[in-house]
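Morning, everyone. Please bring the sequence and the structure up on your screens, and I'll walk you through a few spots.

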Amino acid sequence: MSGADSESRAFDPVDFLDRAVRTDSHEDVTAMRELLVETIEAQGVDATVDDAGNTLASRGEGAPHVVLNTHIDTVSPHVEYEREGTGDDEVIRGRGSCDAKGPLAALLAGFFAIDVGTGGEGGDGGDNGDNGDGGGNGDGGGKLTLAVTPDEETLSKGAHALDLDGDLYIVGEPTGLDVCTAAKGRFEGAVRLSGENAHAAESASGVNAVAAAEGALEAIRTYDDVVDASPPTHDQLGAPSLTPTVISGGEATNQVPADCSITVDRRSVPPETADEFREALEAHVGSYTPDDVGVAFALADRETPFLEAFSTDPAHELVATLADASGGTVRPFTAATEASYFSPAPTVVFGPGVLADDEGPVAHANREYVRVSEVRAAADAVTESLRSLVGENR
């Protein structure tokens, strides 16, 4: 047995999760990042923290290069740590237990368990998840990189700063051990209608921006049915959606309003990009409003790109290997993730825990928990998959 395998026996994903859930990473991830670095270095692997706050560690060299990614930041509400039950009913409760410290524990187990070394160049990982043989494993070589980001729940500055050149990516999120190969993107922006103020008693002398919202809302409703540039229904994700969420306008009850704003939420599917959507929606709304009303659509200000849609061929070797190991189904993920930053390389989302169960929300909720048996099952599945994909020197 190799030294790496021997060391990896000291790592128990549930023991790590137990410590991680009790380590705060809501307003400041420093303590959690220190725990992560300490855990990695205790296994004899060097860990670094880059300028964007990412925790990085690599083992081996050659192809394929498999990247294991998740995040350490958490969100409200605070949920106190609690461990209860036995056997298959044992759970760990607490903020971040399923999103995403449970998935992190599983990825760490696989990262430590595989003895990677030098090997052949392997095959071509493919350009967009629809082609290629997954990178191959040469003569038992390959490279594993652990890339844990600090701010997935907010602006994803960490993920945006990564430059990893991976062949395959496994992104840890709560999927209930299913292998998720696609997710819709999310864009947000505001349609701004501009007119001209006037006294309401002489309304014809002004240009009513609020009245123009009637046409703008119709344009939003019809966007995906009318606009030639809108994307087709996606074979994994279905149709995109466009929803008006906030509307505001006017300053006085006796004045023709010169301004009106309509905020919209866009759930995109490939191949639509944020810039394409912005241009097409602005033109479409303009065609539904009077000529004397100004129309502008701007995406919400972000320091990093929006999380766009991604998809990987469900028949790809990465998908089949992980699904066989986990026993889970292959399906889309229902939330936006940093996986979109790694696409078009073959990318899947996987981990223990669920976003919601039969009783209601779990992640981002006041009853967040993860099953201990699922954490162990996810750790075993990641380990088995990496052994198949990367290989080991024996």
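Start with threonine 321. Buried or exposed? Its relative accessibility is 14%. The cut-off for buried is under 20%, so threonine 321 counts as buried. Keep in mind that this is a predicted model.

Where does threonine 321 sit? In helix 8, residues 317–326. Leave out residues up to four places away in sequence, and threonine 321 touches Ser385, Ser388 and Leu389.

Next, a helix pair. Two packed helices are described by the angle between their axes and the distance between the axes. Take helix 4, residues 97–113, and helix 9, residues 372–390. The angle is about 35 degrees, and the axes are 8 Å apart. The crossing of helix 4 and helix 9 is right-handed.

Who makes that contact? On the helix 4 side: Gly102, Ala105, Ala106, Leu107, Ala109, Gly110, Phe111 and Ala113. On the helix 9 side: Val375, Ala378, Ala379, Val382, Thr383, Leu386 and Arg387. By type, the residues of this contact are 11 nonpolar, 3 polar and 1 charged.

Last stop, valine 285. You'll find valine 285 in helix 7, residues 274–286. Its relative accessible area is 0%, so valine 285 is buried. What is valine 285 in contact with, beyond its neighbours within four places in sequence? Val191, Leu193, Ala216, Ala219 and Val295.

One distance to finish. Valine 285 and alanine 213 are 72 residues apart in sequence. In space, C-alpha to C-alpha, valine 285 and alanine 213 are 9.5 Å apart.

Methods. Residues are numbered from 1 along each chain as its sequence is written. This is a predicted model: local features need pLDDT of at least 70, side-chain atom pairs count only at pLDDT 80 or more; totals for chains, interfaces and linings use all residues. Side-chain values use heavy atoms; hydrogens and water are left out. Axes are lines fitted to C-alpha atoms, for helices over the stretch in contact, and angles run from 0 to 180 degrees between N-to-C directions. Helices (H or I, at least four residues) and strands (E, at least two) are DSSP runs, numbered from the N terminus. A crossing is left-handed if the near helix is turned anticlockwise from the far one by less than a right angle, and right-handed if clockwise. Contact means heavy atoms within 4.5 Å. Ala, Val, Leu, Ile, Met, Phe, Trp, Tyr, Cys and Pro count as nonpolar, Asp, Glu, Lys and Arg as charged, and the others, Gly among them, as polar. Buried means under 20% relative accessible area, exposed over 50%, partly exposed in between (1.4 Å probe, protein chains only).
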